[in-house]
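Good morning, colleagues. Please look at the structure on the screen while I go through its helix packing and a few individual residues.

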Amino acid sequence: IMIIEFEEKLLEMIDARIETASDDELFAGGYLRGHISLSAASCEEEGVNDIEALKVRIQGSLDDARSELSPADRTIVNDLWLELVNQA
């Protein structure tokens, strides 16, 4: 499986939830989309094609941005991220 395919799968999973998502889930999905896409783009630029490396990069991106979010929002984003990774 390629990084771009994994990215598309994650984004499709986020999109699939939109109709039934709460405001919190919509926020978390939109927030995660940015981190997923940026991380995937940086992997591609560097020729990294390992899904585990992409997951680590996304998690690192989220960790680096921790201060942007309230603790409650961090929990919402983190819960959605873990759910997506487990399903993908």
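I shall take the helix pairs in turn and then turn to selected residues. Please keep in mind throughout that this is a predicted model.

Let me begin with a word on how such pairs are described. Two packed helices are characterised by the angle between their axes and by the distance between those axes.

The opening pair is helix 1 and helix 3. Helix 1 covers residues 3–17, and its axis comes within 9 Å of the axis of helix 3, with a crossing angle of roughly 50 degrees. On the side of helix 1, the contact is made by Ile3, Phe6 and Leu10, and helix 3 contributes Ile51, Leu54, Lys55 and Ile58. Sorted by class, that contact of helix 1 with helix 3 has six nonpolar residues, no polar residues and one charged residue.

We move on to helix 2 and helix 3. Here the axes are 9 Å apart, and the helices pack at an angle of about 130 degrees. Helix 2 and helix 3 are therefore also described as oblique to each other. Their crossing is right-handed. From helix 2, the residues in contact are Tyr31, Leu32, His35, Ile36, Ser39, Ala40, Ser42 and Cys43, and they meet Leu54, Arg57, Ile58, Ser61 and Leu62 of helix 3. The class count for helix 2 with helix 3 is eight nonpolar, four polar and one charged.

One residue of this contact deserves a moment of its own. Is Ser39 buried or exposed? Ser39, which is found in helix 2, has a relative accessibility of 4% and so counts as buried. Its side chain reaches the backbone oxygen of His35 at 2.7 Å. Leaving aside residues up to four places away in sequence, Ser39 touches Leu54, Arg57, Ile58 and Ser61.

The remaining pair is helix 2 and helix 4. Helix 2 spans residues 23–45 and helix 4 spans residues 71–87; their axes come within 9 Å and cross at roughly 70 degrees. The perpendicular range runs from 65 to 115 degrees, and helix 2 and helix 4 are therefore roughly perpendicular to each other. The handedness of this crossing is right-handed. Helix 2 brings Asp24, Glu25, Phe27, Ala28, Gly29, Tyr31, Leu32 and Ile36 to the contact, and helix 4 brings Asp73, Ile76, Val77, Leu80, Trp81 and Leu84. By class, helix 2 and helix 4 meet through 10 nonpolar residues, one polar residue and three charged residues.

Within that contact, which residues does Ile76 touch, once residues up to four places away in sequence are not counted? Ile76 lies in helix 4, and the residues it touches are Asp24 and Ala28. The C-alpha atoms of Ile76 and Phe27 are separated by 8.8 Å, although these residues are 49 residues apart along the chain.

Helix 4 also holds Val85. With a relative accessible area of 19%, Val85 falls under the 20% limit and is therefore buried. The C-alpha atom of Val85 is separated by 22 Å from that of Gly47, and the two are 38 residues apart along the chain.

Finally, I turn to a loop position. Glu68 lies in the loop between helix 3, residues 51–64, and helix 4. Its relative accessible area is 56%, so Glu68 is exposed. Glu68 and Glu45 are 23 residues apart along the chain, and their C-alpha atoms are separated by 26 Å.

Thank you for your attention.

Terms used: Residues numbered from 1 in each chain as written. Predicted model: local features only at pLDDT ≥ 70, side-chain atom pairs only at ≥ 80, totals over all residues. Heavy atoms only, no water. Axes fitted to C-alpha atoms, helices over the stretch in contact; angles between N-to-C directions. Helix = DSSP H or I, 4+ residues; strand = E, 2+ residues; numbered from the N terminus. Parallel < 35°, antiparallel > 145°, perpendicular 65-115°, else oblique. Left-handed = near helix turned anticlockwise from the far one by under 90°. Contact = heavy atoms within 4.5 Å. Nonpolar A, V, L, I, M, F, W, Y, C, P; charged D, E, K, R; others polar. Buried < 20%, exposed > 50% of the residue type's maximum accessible area, 1.4 Å probe, protein only. Polar contact = N/O pair within 3.5 Å; in protein donor to acceptor, adjacent residues only side chain to side chain.
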